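Here are my notes on this model, point by point. Please read them with the structure open.

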Amino acid sequence: MNFSKGHELLDLCKEHNKKIYEIMIEREKIISGTTEEEIKAAMRESLEIMKASVNKGLTENIKSVSGLIGGAAKKLEDRREKVRQPVCGSIMSKAISRSMAVLEVNAAMGKIVAAPTAGSSGIIPGTLITLAEEFNIDDERLIEGLITASAVGMIISKNATVAGAEGGCQAETGSAAAMAAAVTVELMGGSPEASLHAAAMCIKNILGLVCDPIAGLVESPCENRNALGAANALISAEIALAGVTSLIPFDEVVDTMYKVGRSLPMELRETALGGLADTPTGRRLKEEIFGNKKESR
Ligand code: SF4
């Protein structure tokens, strides 16, 4: 039982009448020789780290090592509790603050789960932990959800990339959003097909997004793009759960994302030589952090 494309995964789901996470578990058992209990134990560990990083970012006065970011997640959470009716509604505003919390913990050298990368590490916990809070979803189902996310991430990694340096931010935060969207659909009772439609929509929504971290640090605009990624996941899941499908199938969207990423100039692929990193303010901030050194890393 193996798959490397989305359509192969869906065929297996249909043939065995199983959900995405169940097929992924079977694949892992065969390929790596691990048991279901071992797979779930590893995911439980990841889930605990995700929960701790969300909690830390929401409750502590975090400051990144460079000083570029910190405290935004807590501000959002404080506002959400104060106004009672956030502009984006409860679920979306929670997903925003929770995803940003993890990015801040990462930027402060705290412990996070790089799922699929450190730069996009807020999107999956931000989305899943919000869903757990709002819909009373237990850890067992979240663990299954993380396994579903890993299936989607594995397909993207095999056929494209999840690295900003290779494919721009569309590859990093787009992939994380696609993974989170697929899980959201599954947790809300949607079909495997709907999960991949949601994943496709996420990537389509930010196709071409460049990677331009200020001073070459995974902090800004990364933190806000994690908030956007969580919102993207929820929006796409909502659309797919309503039965709306992606005109372009998931596999073709993944291939396109890779082609678009490879066609981005190197200035817009994590080198911090273009985009927001190359604005007067971006250059000034880099100089303040690193002095006059040519290389920031
Ligand atoms: S801007 Fe670049 S470093 Fe920042 S999250 Fe996006 S891909 Fe990652």
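1. A residue counts as buried if 20 or more other C-beta atoms lie within 10 Å of its own. Buried residues in that sense make up 54% of the 297 residues in the protein chain. Keep in mind that this is a predicted model.

2. Overall fold. The protein chain has 13 helices and zero strands. Read from the N terminus, the elements run α-α-α-α-α-α-α-α-α-α-α-α-α.

3. Dimensions. The C-alpha trace spans about 60 × 45 × 35 Å along its principal axes. For 297 residues a compact globule would have a radius of gyration near 19 Å, and the chain has 19 Å, so the two agree.

4. Contact range. Take the contacts between residues at least 6 apart in sequence. Of these, 77% join residues at least 24 apart.

5. Helix 3. This element covers residues 36–59, which is 24 residues. From first C-alpha to last it reaches 34 Å, close to the 34 Å expected at 1.5 Å a residue. Its buried residues include the nonpolar Ile39, Met43, Leu47, Met50, Val54 and Leu58. Lys40, Ser46, Ser53 and Gly57 are buried in helix 3 as well. What do the buried residues of helix 3 pack against? Their partners are helix 2 (20–32), helix 4 (72–83), helix 5 (89–107), helix 6 (123–135) and helix 7 (139–159).

6. Nonpolar cores. The largest nonpolar core has 86 residues. Ala178, Ala180, Ala181, Ala182, Ala198 and Ala199 touch the most other members. Helix 9 gives the most to this core, with 11 residues. Leaving aside residues up to four places away in sequence, Ala199 touches Val152, Ala178, Ala181, Ala182 and Phe250. A second, separate core has seven residues, among them Ile206, Leu209, Val210 and Leu268.

7. Ligand shell. Which of the 14 residues around the ligand come nearest? They are Gly119, Gly164, Cys169, Cys211 and Cys222. By class, the shell has six nonpolar, four polar and four charged residues.

8. Helices at the ligand. Helix 9 (169–187) and helix 11 (222–241) each supply at least two residues of the shell. Helix 9 gives the most, with three.

Terms used:
Residues are numbered from 1 along each chain as its sequence is written. This is a predicted model: local features need pLDDT of at least 70, side-chain atom pairs count only at pLDDT 80 or more; totals for chains, interfaces and linings use all residues. A residue is near a molecule or strand if its C-beta atom, placed from the backbone, lies within 6 Å of it. Helices (H or I, at least four residues) and strands (E, at least two) are DSSP runs, numbered from the N terminus. A nonpolar core is a set of buried Ala, Val, Leu, Ile, Met, Phe, Trp, Tyr and Cys residues joined through C-beta atoms within 7 Å. A residue is buried if 20 or more other C-beta atoms lie within 10 Å of its own, exposed if 12 or fewer, and partly exposed in between; C-beta atoms are placed from the backbone. Two residues are in contact if their C-beta atoms, placed from the backbone, lie within 7 Å. The radius of gyration is taken over C-alpha atoms; the globule rule is 2.2 Å times the number of residues to the power 0.38. The expected span of a helix is 1.5 Å times one less than its number of residues.
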